[in-house]
Each structure stands twice: as C-alpha cells, then as structure tokens.
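The questions below concern how computed values lead to structural terms. Each answer sets a value against its criterion.

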Number of protein chains: 2
Amino acid sequence: MKELEERILAEGKVFPGEVLKVDCFLNHQIDPILIGRLADEYYRLFREENVTKVLTIEASGIAIAIMTAARFGVPMVFAKKSKTKNIAGDVYSTPIFSYTHGTTYDVMVSKDFLKPDDRVLIIDDFLAVGKATQGLIEIVKMAGATLVGVGIAIEKGFQCGGAELRSRGIHLESLAIVDSMTDDGKITFRES
Amino acid sequence: MKELEERILAEGKVFPGEVLKVDCFLNHQIDPILIGRLADEYYRLFREENVTKVLTIEASGIAIAIMTAARFGVPMVFAKKSKTKNIAGDVYSTPIFSYTHGTTYDVMVSKDFLKPDDRVLIIDDFLAVGKATQGLIEIVKMAGATLVGVGIAIEKGFQCGGAELRSRGIHLESLAIVDSMTDDGKITFRES
C-alpha cells in the first residue's frame with residue numbers, strides 16, 4: 001500500500017538490530033486517518049470471506065483492529081496478556097515468546113467470544129518472527145473457529161514469520177513488506 | 001447516553017465488590033458500532049474545544065480513543081504501561097496505582113507526542129477512583145499542554161473519581177454514570 005510505504009519512508013526511524021520505529025503514526029501516537037485507510041484496504045481484501053470476528057492482541061493491534069471491525073460491522077476481540085496462570089473464568093490461553101521483551105507471556109481470550117461458527121480475521125500492526133500471530137492462530141484453533149486470514153500493517157519480510165504463514169496456505173495480507181533495512185536508515189520494500 | 005445504559009443493563013454483569021463486567025461489548029470483545037456512537041457523542045460534546053490530541057492509556061481505552069480521534073481528525077496517543085524505570089528515550093512518566101491489580105505501575109508518553117500548544121482530550125473506558133485519569137492529567141501538565149476535558153464511557157458514580165475531577169473544574173463527560181449496583185445485579189444510573 002503506497003500510502004503506508006510513504007509514511008514509513010518519511011517518518012519511520014531505523015535503529016541498529018533491524019529495529020523499525022513507527023511510533024509517530026502507528027503504535028504510540030496513531031494517525032486515525034491512515035488507520036482508516038488500512039481498514040478500508042483490509043475490507044477490500046477480505047470482504048468475500050464472511051468475517052464474523054476480528055481478533056488482535058493488546059496493545060498496539062487494537063486501533064487497527066477496531067477500525068477494521070467497524071468496516072465489517074462485526075465485533076473485535078483482543079487477546080489479553082497475562083502475567084499469571086491464575087486467570088479468572090473460562091479462557092483459551094497460549095504462551096507467546098516476545099523477542100522485543102525477551103520473555104514469554106500467556107495470552108488469553110474468553111471462551112465466550114470465540115465460537116466454532118466464527119470466521120476470524122486476525123489483524124496486527126507488525127509481523128516479524130510471527131510468534132504473536134501464531135499464538136492467535138492457536139487460539140482460533142482451540143475455539144474450533146475458522147481462520148479466514150491475517151492482515152498485517154508492516155511485515156519484516158527478511159524475517160521468517162510471513163514466509164512461514166504463507167507456506168501453510170494462510171491468506172496473509174501485509175500492507176507494507178520491508179525487505180531490507182540498513183543501519184544508516186535505507187528501507188527497501190517488496191514489490192507488490 | 002441511553003444506548004450505552006441499555007447495553008449495560010442488557011449485557012453487563014455485576015460481581016461482589018462492586019465489580020461491573022462489560023467485557024462482551026466494551027473491553028475484551030468490543031462492539032465497533034457502539035464505540036462509533038460514543039465517538040460521535042464525544043465529538044458533539046467537545047467539538048468547540050479545538051482538540052489537537054486524544055490521549056488514553058493502554059489497553060482498553062485505545063478502541064474508544066482511536067474512533068474519537070477519527071471524528072476529530074487528530075492523532076491519538078496512548079500512554080504505555082511500563083514495568084521498569086529504565087525507559088528508552090525522552091518521556092513524560094508518572095506512577096499510577098491500580099486498584100484492579102493492587103499494584104503501582106509507571107505510565108509514559110514520549111515527549112515527541114505532547115507539546116505545549118496541544119489541546120488534549122483524555123478518553124477512557126472506565127472512571128472509578130480516578131487514578132488512571134489523574135495520571136494522564138499529570139502527564140498533560142508535564143508537557144505544558146492544555147487539558148480541554150475528559151470523556152469517559154462508564155463512571156462509577158459511587159466512587160470518588162468523578163466528583164474529584166468536577167470539583168477541580170475539569171470538563172468531565174461520562175456517557176453512563178452508575179450510581180449504585182447491588183450484589184444481585186440491580187444497576188441504577190444517574191439522571192442526565
């Protein structure tokens with residue numbers, strides 16, 4: 001998506017270790033006009049799929065997911081990160097390893113909000129190694145629901161998450177795929 | 001707001017200790033149609049205020065805040081909860097005590113995203129004792145920005161947070177104010 005790539009080039013910052021900071025428009029300060037256009041694009045890409053739920057993970061996926069859910073007119077559910085195994089109520093739960101924080105945490109979704117007849121679109125801001133997305137897919141499976149696809153804003157194409165999902169036949173749509181970043185800030189996108 | 005009160009009555013669950021669970025439409029599963037109407041209402045209530053930023057706190061405030069920011073056509077910023085004092089970059093930070101979790105955590109906002117000429121509308125899903133809101137107000141002050149008001153979805157009117165903010169002359173708009181809850185589930189709203 002041209003507009004997203006232009007924003008990344010204009011406002012993204014590259015840090016050593018292949019860190020891409022886009023916290024001025026995507027995950028700390030968030031531009032609702034841009035997010036609305038991402039949501040329009042996910043609607044265009046998945047509108048034939050009879051989506052009944054949009055699923056994401058707190059915190060930075062929530063903004064994109066709620067605006068996408070608004071386009072589809074279906075509920076959004078966000079998986080909660082929990083520090084403890086001692087979770088109240090009946091939930092689907094799976095451990096996710098975070099490379100950003102170097103720690104494993106459990107994420108959980110109440111069993112009330114994912115059912116076998118749900119057709120789930122997973123939405124998140126970033127895809128790199130893909131542990132968070134895989135955790136969400138695991139939760140969709142636990143619920144016996146159908147995964148219709150995964151919509152990502154920015155995929156780090158030089159890491160394995162996207163390739164792994166595509167090799168499993170999952171309908172993955174990343175609106176910008178960064179194929180390389182250099183420490184002096186040069187970003188190259190995959191041709192769409 | 002009639003529609004919000006009706007949803008609380010129809011789908012909210014009261015638990016002992018004056019706990020109101022609305023996680024089927026407000027803070028775990030989220031209804032984007034309802035949230036859009038809350039956003040419309042905040043726009044109606046604050047549109048004369050020349051809002052330049054909508055500020056909230058992760059995680060459950062994000063959905064309401066981004067849709068509100070979309071109505072105003074201004075950026076949304078969410079304060080991040082941090083486990084460590086060792087925060088990267090230049091941030092405004094303040095400790096907030098959480099009664100829900102019985103612990104104090106730091107919240108932080110990058111100095112890049114709140115400036116002295118900003119006119120800030122704080123949005124959150126719940127107001128009870130008001131510690132989270134007070135922390136956000138503190139951050140607005142640190143930035144030298146102007147607080148134009150606070151928009152809350154559900155205020156627990158029998159707790160002190162709302163009265164305290166109003167007594168300080170802050171323009172607080174709560175779209176539903178619960179004046180009492182009984183353990184057998186009876187909820188009474190304040191007349192608007």
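A residue counts as buried when its relative accessible area is under 20%, as exposed when it is over 50%, and as partly exposed in between. The model discussed here is predicted.

Q: What share of the 192 residues of chain A counts as buried?
A: By that criterion, 54% of the 192 residues of chain A are buried.

Q: What secondary structure does chain A have?
A: Chain A contains 5 helices and 11 strands.

Q: Why is chain A called as compact as a globular protein of its length?
A: The globule rule gives 16 Å for 192 residues, and the radius of gyration of chain A is 16 Å; the value is close to the rule, so chain A is as compact as a globular protein of that length. The C-alpha trace of chain A spans about 50 × 35 × 35 Å along its principal axes.

Q: How many aromatic pairs does the structure hold over all chains?
A: There are 2 aromatic pairs over all chains.

Q: Why is the pair of Tyr43(A) and Phe72(A) called edge-to-face?
A: Ring centres must lie within 6.5 Å to pair, and planes over 60 degrees apart count as edge-to-face. For Tyr43(A) and Phe72(A) the values are 5.0 Å centre to centre and 70° between the planes, and the pair is edge-to-face.

Q: What makes this pair a tie between parts of chain A?
A: Tyr43(A) belongs to helix 2 (residues 32-46) and Phe72(A) to helix 3 (residues 62-72), so the pair ties together parts that are 29 residues apart in sequence.

Q: Is Tyr43(A) buried or partly exposed, and which term applies to Phe72(A)?
A: Tyr43(A), at 33% relative accessibility, counts as partly exposed. Phe72(A), with a relative accessible area of 15%, is buried.

Q: Why is the pair of Tyr43(B) and Phe72(B) called edge-to-face?
A: The ring centres of Tyr43(B) and Phe72(B) are 5.0 Å apart and their planes stand at 70°, so this pair is edge-to-face. Tyr43(B) lies in helix 2 (residues 32-46) of chain B and Phe72(B) in helix 3 (residues 61-72) of chain B, so parts 29 residues apart in sequence are tied together by the pair.

Terms used. Residues are numbered from 1 along each chain as its sequence is written. Chains are lettered from A and ligands numbered from 1 in the order in which they are written. This is a predicted model: local features need pLDDT of at least 70, side-chain atom pairs count only at pLDDT 80 or more; totals for chains, interfaces and linings use all residues. Side-chain values use heavy atoms; hydrogens and water are left out. Helices (H or I, at least four residues) and strands (E, at least two) are DSSP runs, numbered from the N terminus. The radius of gyration is taken over C-alpha atoms; the globule rule is 2.2 Å times the number of residues to the power 0.38. Buried means under 20% relative accessible area, exposed over 50%, partly exposed in between (1.4 Å probe, protein chains only). Rings of Phe, Tyr and Trp (its six-membered ring) pair if their centres lie within 6.5 Å; planes under 30 degrees apart count as stacked, over 60 as edge-to-face and the rest as tilted.
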